[in-house]
Structures are given as structure tokens and as C-alpha cells.
Amino acid sequence: MPTEIVHNLSPEEQELARKRQELAILQAELIDRELSLANLRAELAAFEGRYLREVGILYAELDDWNAKIAEFAAEAAGTEQARAAASEARAQADESYAAAHGEASKAEDFSPSPELRKLFRDVVNQIHPDRAASEVDRALRTRLTAEANLAYKRQDADALRKILEEYKNSPESVKGDGAAADLQRILLQIRRISKRLAEIEVEVAELKASEIALLMSKVAITAAKGRNLLAEMKKDVQQRIDLARTEYKDQSARTRPR
Amino acid sequence: MSAGQEKPGGLVQVQSTALAKGGANSLAVRGLNHLRDKELAEEWLRKGLELQTTMPAGVRPELQTTLEYIKQISTGTKPDVAAENLRMTPEDQERARVAHHFMPDTLNECAQLEEARNNQLLEVFLCFERGIQLDPHHPLLQHNIGTAYYFGRGVKQDYSQAYIWFRKAAEQGNANAQYCLGTLYSDGEGVDRDEVEAAAWLHKAAEQGNTDAQVGLGLAYKTGSGVPQDYAQGAMWLRRAGEKEDFGDPTAD
């Protein structure tokens with residue numbers, strides 16, 4: 001029984017053992033929370049990509065037609081007010097286009113296999129910055145963790161394995177084995193992890209309250225009832241595009257013969 | 001959060017991408033607004049459907065179909081299944097979809113449901129008016145206009161107008177209008193009270209199988225209002241009403 005050994009420890013050693021245990025629990029919790037945050041981010045990014053590809057580009061197209069209509073009207077009216085409205089409409093169309101065709105729209109669907117989830121967990125568990133023994137080690141871990149996160153988002157198992165290898169081959173991975181365990185260091189780690197846990201909670205809350213997350217949950221809830229909201233939205237926006245296109249054509253047909 | 005400035009997109013230092021992009025976020029907001037409008041429209045249309053069921057039968061069947069379609073899809077029925085249920089043509093379906101979609105625009109103007117209800121009633125009344133201009137002798141339209149005036153739906157309540165329109169339809173043989181006209185005579189609404197006239201119109205409607213009129217006529221015979229008191233006749237009409245509807249006949253035993 002380990003308790004018998006504990007009885008023989010000095011008060012300082014007992015304190016250290018307690019703190020070590022506390023740290024181990026916190027580390028396990030941290031990895032759990034990091035993983036759920038990473039999953040949430042990746043799911044949101046994937047959904048956002050899908051939304052932008054399916055619906056966002058249609059909004060961009062609609063805005064383009066509306067800008068065309070406004071520009072046409074501005075030319076016909078020739079007033080400052082009409083010109084201002086047209087340039088505002090054009091700016092809106094440009095922004096929608098950039099958003100719908102930007103990086104975010106290229107996110108792939110995120111459905112990691114159980115093996116990939118497990119691999120990512122192992123990697124993060126071993127290289128997390130809050131387990132660093134020194135500042136040099138911490139900097140390396142920080143960089144590799146960032147890379148691991150991106151690799152997980154891409155669902156790239158090979159890259160994850162390489163990252164772990166890179167860490168294991170680095171001199172920093174050999175822990176400075178100071179024979180007397182440093183209570184100070186453990187306390188610092190505990191403080192860092194607690195801070196990071198708080199940061200994660202803040203970010204998860206922010207993410208869950210984001211517009212894209214609200215949209216995602218709406219789509220998921222209605223999907224359970226057999227409805228495809230994204231498809232419905234596509235159809236609706238397409239209908240508005242058709243109307244705008246017709247309006248533009250009518251407008252230009254009316255104005256051309258002077 | 002200051003350590004990873006040189007490296008974008010990290011698990012540790014960098015804030016979520018989903019929150020950072022203004023453009024993509026505003027597109028998400030538009031999508032959400034779109035869905036909210038849609039939900040409001042569905043809600044409003046559900047109310048409209050409830051309203052519609054209190055309307056006289058036969059009013060704008062295509063609107064009824066549209067509302068029923070939207071009700072079905074908003075409660076989770078697949079659009080093709082709903083269309084199949086209601087035996088809608090592709091054109092019907094398209095009209096329903098468009099009505100559904102553009103309802104938010106109307107909705108924005110209707111700050112309150114009450115206003116929406118009135119607008120709906122007004123719209124229905126205007127349809128009657130347009131219809132009667134096209135076909136001044138249409139008995140069903142005449143009857144419906146009478147009903148609108150009688151209840152003040154979409155037009156100011158006016159019993160005299162109700163009497164005029166019910167009379168037109170009743171003279172053309174519309175059973176419902178005959179029953180309504182009979183009621184106006186017996187209650188003295190829009191016309192001087194006249195039991196004999198009342199019973200005569202109820203009789204016409206009752207003979208056409210109008211259940212309400214059969215009940216009214218049965219009671220008239222029992223009490224001798226407008227007709228000579230006659231229990232046998234009274235019982236006969238009440239029984240005939242009971243044959244069609246599950247009307248508890250108090251004179252049966």
C-alpha cells in the first residue's frame with residue numbers, strides 16, 4: 001500500500017506528493033478540454049466552410065445583382081444619393097464575395113475516425129506546453145502544438161505522428177532530472193494549467209454563442225426532424241437571385257432605347 | 001497569448017477562426033435572420049390557417065391549400081410528401097413556396113398579430129369584391145360577402161348590407177344564405193323582425209338539406225313561431241337534422 005510509504009515522508013515530501021497528484025488530475029482534465037475545444041473549432045470551421053460554399057456564394061451572387069441594379073439606377077438618376085447607394089451596394093457585394101470564396105469556405109468536412117482522435121489525444125498529451133520543464137522546452141511545445149492542431153483539423157495522421165517524433169528527438173524532451181523534485185515548478189505548472197482551463201472555458205462559450213454555431217445547431221435540430229435547412233436556404237436565395245436578375249434585365253431593357 | 005505571434009493558427013495561442021472573420025460572420029447572421037423570418041412567417045401562417053378554418057367553407061380553396069401545405073412542411077413533413085397529400089400540381093407547389101418565402105415582407109408591416117389578422121380578412125374581403133365585380137350573380141360570393149358584413153370581417157359590420165347580400169344569394173337558391181336570411185328575419189337584424197319570413201327561408205334551406213336550418217325549422221314548429229305549432233313536423237325536421245349530424249334529438253322519446 002502506498003499510504004504506508006507516505007507515512008514515512010517528511011511534510012515537504014508529502015506536500016509535493018499531494019501537489020503532484022493535483023497536477024496529474026489537472027493535466028488529464030486539461031487534455032480533455034483541449035480536445036473538446038479542438039473538436040468544436042474543427043466542427044465549426046467545417047460547417048462554416050459548407051455553409052459558405054452552399055449558401056454564402058449565393059448571397060454573394062445576390063449582392064452582385066443588387067449592386068448591378070443600384071449602379072444602373074445611379075447612372076440613370078445621376079444624383080449623388082443614388083451614386084452613394086450604388087457604391088455601398090458594391091462594397092457589400094465585394095465583402096460577401098471575399099467571405100464566400102475566402103479561405104474559410106475551403107474547410108473540409110470534419111469527421112475524424114476514433115483512431116485519429118486517439119492519436120491526437122496522445123500527441124497533445126505528450127507535447128502540451130503546460131507540461132514544459134523549461135522555457136526552451138515550452139517554446140518548442142507551443143510551436144508543435146499549434147502544428148498538431150492544424151494537422152488534426154486537416155485530419156492528417158501522418159503529420160501528427162511526425163510532430164510527435166520531432167518532439168521526442170529533440171534534446172528538450174529529456175527532462176532535466178533534478179533529483180530533488182521542485183515544488184516551485186509544480187506549483188507554477190498548476191497555476192498555468194488553471195489559467196489555461198479558464199481560457200478554454202471562455203473560448204468555448206464564445207464559440208458556442210457565435211452566429212455560425214447557432215446556425216449549425218439549428219441545422220442539426222431540424223435535420224433530426226427530416227428537414228434540410230441548408231437546401232431550403234439555397235432554394236430561397238436562388239429564388240431571390242432569379243428575381244434580381246429579372247429586375248436587372250427589365251431595367252436595362254427599359255432604359256436602353258433612349 | 002503573446003508567445004505565438006510568429007505562428008498563426010494554433011491550439012494554444014490563437015483565437016478561434018470562427019470568430020475572427022467579419023465577412024463570413026455577417027453571412028452567417030444573414031442566414032440566421034433568414035431562418036428567423038421564415039419561422040415567423042410559418043407562425044403567422046399557422047395563425048392564418050386557424051383563422052381560415054373559422055371562415056365560411058369554400059373561401060379561396062387555393063389559399064387553403066397553400067396554408068395547409070406550409071403548415072405541413074413547417075411541422076416536419078417533407079415538401080414532396082405534403083404536395084402528394086394535398087394532391088398539389090407543381091404550379092400549386094411553386095405558388096405555395098413563393099407565398100411562404102415572401103411572407104416575411106408582409107410580416108414586417110404587420111407589427112402585431114391583430115393587424116395581421118385584419119389584413120388577412122381585408123385581403124379576403126377584397127378578393128370577394130373583385131370576384132363579385134367579375135361575376136355579380138355568383139351566389140357563393142354573395143353569401144360570403146353577406147357573412148363578411150354580418151361578422152365585420154375585413155369590412156365594417158353592417159347588418160343591412162348583410163341582409164342585402166344574403167337575400168341576393170338566397171333568392172338564387174344558396175341554402176346557406178337562405179338559412180342566414182332566415183336568421184336575420186327571426187332576430188330582426190338588418191331587416192324588420194318577421195317570424196313568417198324567417199320560417200319560410202328556413203324551410204327552403206331545410207329542404208335542401210341544410211342541417212342548421214332543419215334544426216331551426218324543427219324548433220320553429222315546436223314553438224309555433226312563424227308556422228302553426230306542429231310537434232310532428234318539429235320532430236320530423238329535428239330527426240332529419242340528426243340523421244346527418246350527430247344531433248341529440250330531445251323529442252325522440
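This is a predicted model: local features need pLDDT of at least 70, side-chain atom pairs count only at pLDDT 80 or more; totals for chains, interfaces and linings use all residues.

Me: Where does Gln27(A) lie, and is Gln27(A) buried or exposed?

Reply: Helices (H or I, at least four residues) and strands (E, at least two) are DSSP runs, numbered from the N terminus. Buried means under 20% relative accessible area, exposed over 50%, partly exposed in between (1.4 Å probe, protein chains only). Gln27(A) lies in helix H2 of chain A, residues 11-77. Its relative accessible area is 11%, so Gln27(A) is buried.

Me: Which residues does Gln27(A) touch?

Reply: A contact is a pair of heavy atoms within 4.5 Å. Leaving out residues up to four places away in sequence, Gln27(A) touches Arg131(A), Gln189(A) and Ile193(A).

Me: How is the packing of H2(A) and H8(A) described?

Reply: Axes are lines fitted to C-alpha atoms, for helices over the stretch in contact, and angles run from 0 to 180 degrees between N-to-C directions. Under 35 degrees counts as roughly parallel, over 145 as roughly antiparallel, 65 to 115 as roughly perpendicular, and the rest as oblique. The axes of H2(A) and H8(A) (residues 211-224) come within 10 Å and cross at roughly 80°. The two helices are therefore roughly perpendicular. Among the residues that meet are Phe47(A) and Tyr51(A) in H2(A), and Leu215(A) and Met216(A) in H8(A). By class this contact has 8 nonpolar, no polar and 2 charged residues. Ala, Val, Leu, Ile, Met, Phe, Trp, Tyr, Cys and Pro count as nonpolar, Asp, Glu, Lys and Arg as charged, and the others, Gly among them, as polar.

Me: At what angle do H8(B) and H9(B) pack?

Reply: H8(B) (residues 159-171) and H9(B) (residues 175-187) pack at about 140°, with axes 8 Å apart. That angle makes H8(B) oblique to H9(B). Their contact has 10 nonpolar, 1 polar and 1 charged residues.

Me: Where is Met88(B) found, and which residues does Met88(B) touch?

Reply: Met88(B) is in the loop between helix H4 (79-85) and helix H5 (90-109) of chain B. Met88(B) counts as buried because its relative accessibility is 12%. Beyond four places in sequence, Met88(B) touches Thr65(B), Tyr69(B), Ala83(B), Gln93(B) and Ala96(B).

Methods
Residues are numbered from 1 along each chain as its sequence is written. Chains are lettered from A and ligands numbered from 1 in the order in which they are written. Side-chain values use heavy atoms; hydrogens and water are left out.
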